[in-house]
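Here is a structure to question.

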Amino acid sequence: MGLGKSFQMAISSIINNKVRSLLTMLGIIIGIAAVIILISVMNGLTSEVSKVFSEFGTTSLNTNIRSRPNVEVTPEELYEFADEHPDLYSGVTPNISLSGEFKTPDAGDDTVSVSAKGVSEDYYDIQKLELCFGRFITYQDCENKSNVAVIGSFQALYYFGSCEAALDQTVRLNGKPYKVIGVLEEEEDSTESSSDNAMYIPYTTMMKATSTGTVSSYIVNAKSDEVVYDAKSALEAYLLEAVGDDDYYTVTSFQSIIDSMLEMMDKMEMVLVAIAAISLLVGGIGIMNIMLVSVSERTREIGIRKSLGAKHKHIMMQFVMESGVVSCIGGIIGIIIGVIFSLLAGSALQMSVSPSVGAIALAFGVSVGIGVVFGFLPARKAAKLNPIDALRND
């Protein structure tokens, strides 16, 4: 008896015992569907996390230097260091923050709170900003300590009615006047609590405004994702030599944060899949139990087949095939359910979820494997039956 005949007999047995076959498949269906849903949702979540963090710049190295007596790292020194390693760094910017009251000269008491930043011309490319009108801060602005500012779309719309109308206007931060040279592209909804409420001025101007002669915070941009860790190590080595104590500085890489988070999410995915796989084990045991019952019910049939010349391998093939087909059909149903619910979960969570071909192929392979493995014992029992004893069975 060939594989084709064994397959026909397996299908016939499943059709003749529809309810029992469906219940047998249930554990496999639930297990496969759960595995696909979990893998798909976790992959989608991982992509969303990576996307969010990449907006901050995966090549950015946030550097903070605490003040230490008689020790200072100036912007010029850090610029010089970056210029000496063009293969590692593509830009450096001081990052001085100042919270204050923003308004226009004729706005009276109508002010809004803003967290202004003092930066250099490199900040624009490092943070991947976009302008809708005007220009960003230049090297010359920093050199001349110019009272110029780039503002967000919120301030432009709130005080001037449009982004274009804000150009060349005068605004005030804590009472000091600045000329608007650029307006940023709208990123969110142009409200006071959004990222569109922004203000950037030359870092040298900010140092003058805050009466501080030092810069404690920098953003150093690595050349590419491939050299982030090398750039971080080189920067830390430079600061250790310049400052003399690693307790006085920190260098944080968004790429390392992303890698740590993705590693944690991979572990979470493995744990969740392992939990879901328990139902596959239960489904496999269910298949084995039902197949053992089937062997007991068909003992006489097995005896007749053996007396007519069926060999050990033919009986084994029949029952392993039947077990494999039951598990395979359950796997296919589980895959369909898993794909549907994965897409529904993505829609409900408002993120992109697409079941991977690898996960589907793995699920199908596992379902077939479970059928074969758990069908082996019942098939072996059936094949070892003595034909005379089997024929005597009522």
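Q: Why is N197 called buried?
A: Buried means under 20% relative accessible area, exposed means over 50%, and partly exposed lies in between (1.4 Å probe, protein chains only). N197 has a relative accessible area of 12%, so N197 is buried.

Q: What kind of model is this, and how are residues numbered?
A: This is a predicted model: local features need pLDDT of at least 70, side-chain atom pairs count only at pLDDT 80 or more, and totals for chains, interfaces and linings use all residues. Residues are numbered from 1 along each chain as its sequence is written, and side-chain values use heavy atoms, without hydrogens and water.

Q: Which residues is N197 in contact with, leaving aside neighbours within four places in sequence?
A: They are S113, V114, F154, Q155, T191 and E192. Contact means heavy atoms within 4.5 Å.

Q: Why is the pair R135 and D141 called a salt bridge?
A: A salt bridge is a side-chain nitrogen of Lys or Arg within 4 Å of a carboxyl oxygen of Asp or Glu. Here the N to O distance is 2.8 Å, so the pair qualifies. The whole structure holds four salt bridges.

Q: Is D141 buried or exposed?
A: D141 is buried, because its relative accessible area is 6%. R135 has 35%, so R135 is partly exposed.

Q: How do you know that K232 and E236 form a salt bridge?
A: Their side chains meet at 2.9 Å, N to O, so they pass the test. Both lie in helix α8 (residues 228-243), four residues apart, which means about one helical turn separates them. K232 counts as buried because its relative accessibility is 18%. E236 has 26%, so E236 counts as partly exposed.

Q: Why does K267 count as exposed?
A: K267 has 52% relative accessibility, so K267 counts as exposed. E263 has 46%, so E263 is partly exposed.

Terms used. Helices (H or I, at least four residues) and strands (E, at least two) are DSSP runs, numbered from the N terminus.
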